Amino acid sequence: GGGSSPSFADNETPTGLINGVNTTYTLAHAPNPSASLILVLNGQYLTQGVDYTLSTLTITMATAIDIAFASLPFKAFYRY
């Protein structure tokens, strides 16, 4: 018993420019556990440790997101 229930971030858009150059995006909360983070770009699930890394609130993409994706959904789902 006791303890607090986790909170959830659903359909959050990470902050940061999608301009074909930027590789860093920020979440509103630190995912806890970090493995709970699910990132989706244009309907494709991204793989932590392959497509991106996570450090507290900061997502660092392995490669910049193409500017062609700027108007497409980039969403995060996680517990915190």
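Let's start with an open sheet of three strands, ordered 2-6-5 and paired antiparallel. Strand 2 (24-26) and strand 5 sit at its edges with a single partner strand each, so one side of each has no neighbour in the sheet. On average, neighbouring strands here are turned by 25° against each other, direction ignored. Keep in mind that this is a predicted model.

Now for the pairings themselves.

| Strand pair | Sense | Bridges |
|---|---|---|
| Strand 5 and strand 6 | antiparallel | four bridges |
| Strand 1 (residues 8-12) and strand 7 | antiparallel | three bridges |
| Strand 3 and strand 7 | antiparallel | four bridges |

As for who faces whom, Leu-54 is opposite Ile-59 of strand 6. Over in strand 7, Ala-76 is the bridge partner of Glu-12, while Phe-77 is the bridge partner of Ile-38.

Strand 7 also has two faces: Phe-74, Ala-76 and Tyr-78 make up the covered one, and Lys-75, Phe-77 and Arg-79 the uncovered one.

That leads to the packing. The largest nonpolar core has 16 residues, and the ones touching the most other members are Leu-37, Leu-39, Ile-59, Met-61 and Phe-74. At least two core residues come from each of strand 3 (38-41), strand 5 (52-55), strand 6 (58-61) and strand 7 (74-79). Strand 7 is the top contributor, with three. In soluble globular proteins, nonpolar side chains do tend to be buried together.

Which residues does Met-61 contact, leaving aside its neighbours within four places in sequence? They are Thr-23, Tyr-25, Leu-46, Asp-51, Tyr-52 and Phe-74.

Notes: Residues are numbered from 1 along each chain as its sequence is written. This is a predicted model: local features need pLDDT of at least 70, side-chain atom pairs count only at pLDDT 80 or more; totals for chains, interfaces and linings use all residues. Side-chain values use heavy atoms; hydrogens and water are left out. A nonpolar core is a set of buried Ala, Val, Leu, Ile, Met, Phe, Trp, Tyr and Cys residues joined through side-chain atoms within 4.5 Å. Buried means under 20% relative accessible area, exposed over 50%, partly exposed in between (1.4 Å probe, protein chains only). Contact means heavy atoms within 4.5 Å. Two strands pair if DSSP finds at least two bridges between them. Axes are lines fitted to C-alpha atoms, for helices over the stretch in contact, and angles run from 0 to 180 degrees between N-to-C directions.
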